[in-house]
Amino acid sequence: MKRYILDANNIAHRHPGLRGVITATPESLATAFMGLLAPYAQRYPSYHFTVVFDGASGRTLGVPRSVTVVSAAKHQAADDVIRELIRSESAPASCIVVSSDTEVYNFARAHSCTAMTADVFLREIAPVADPAVKTGKGSGGHGEKPSGVSRAELAIMKKLFGLE
């Protein structure tokens, strides 16, 4: 069984539809985030998702059964909560941590978890969350793997391999 730990605010900053909700109430961000995640969670009911938000949050609407919502305490960062979840993970090899925060990403990898950037995760769930999103050949359109490489990732690879 796959288990995901999601840095919700970090992912929201990377999604055009959620950026405008970030400055609203924590509850509205959580509800909008669940609207994005719910189709993917429902398609893969054996996966478990722990979604970590910055700031206290009240009741979150539309939370699928396989999703646990965690809010960082008033004077605590979501990154600290995520690190604690990683430390307490009993089977880190089956845990996927989603965050574009370099410290969280590297911490997850150092603790034998799979680390995934927010952009990669958003591409992975896009075919399920929004069926209108076109997937690449060979992906089968089922959201199990990313459909391709972003221009930013391609530019980084070109730079790394001296192809620019």
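Leucine 163 is exposed in this predicted model. Its relative accessible area is 63%, and the cut-off for an exposed residue is over 50%. The residue sits in the segment after α7, a helix that spans residues 151–160. Leu163 also belongs to a nonpolar surface patch.

Helix α5 covers residues 102–110. Three of its residues, Val104, Phe107 and Ala108, are buried. They lie on the same side of α5 because they cover an arc of only 100 degrees around the axis. Cover for the buried residues of α5 comes from several elements, including α4 (78–87). Strands β4 (95–98) and β5 (114–116) also contribute to this cover. The face of α5 turned away from the buried side carries exposed residues, namely Thr102, Arg109 and Ala110.

Both ends of α5 show local features. At the start of the helix, a side-chain oxygen of aspartate 101 comes to within 2.9 Å of the backbone nitrogen of glutamate 103. Just after the helix, serine 112 adopts a positive phi of about 70 degrees. Serine 112 is not a glycine. Most residues other than glycine have a negative phi. Serine 112 is placed in the loop between α5 and β5. Strand β5 itself is among the elements that cover the buried residues of α5.

Key: Residues are numbered from 1 along each chain as its sequence is written. This is a predicted model: local features need pLDDT of at least 70, side-chain atom pairs count only at pLDDT 80 or more; totals for chains, interfaces and linings use all residues. Side-chain values use heavy atoms; hydrogens and water are left out. Patches are made of residues with over 30% relative accessible area and no salt bridge: like charges are joined within 9 Å, nonpolar side chains (Val, Leu, Ile, Met, Phe, Trp, Tyr) within 5 Å. Accessible areas come from the Shrake-Rupley method with a 1.4 Å probe; for residues, only the protein chains shown count as cover. A salt bridge is a side-chain nitrogen of Lys or Arg within 4 Å of a carboxyl oxygen of Asp or Glu. Helices (H or I, at least four residues) and strands (E, at least two) are DSSP runs, numbered from the N terminus. Buried means under 20% relative accessible area, exposed over 50%, partly exposed in between (1.4 Å probe, protein chains only). The arc is that of the directions from the helix axis to the C-beta atoms. Contact means heavy atoms within 4.5 Å. A polar contact is a pair of N or O atoms within 3.5 Å; within protein, one must be able to donate a hydrogen and the other to accept it, and residues adjacent in sequence count only if both atoms are side-chain atoms.
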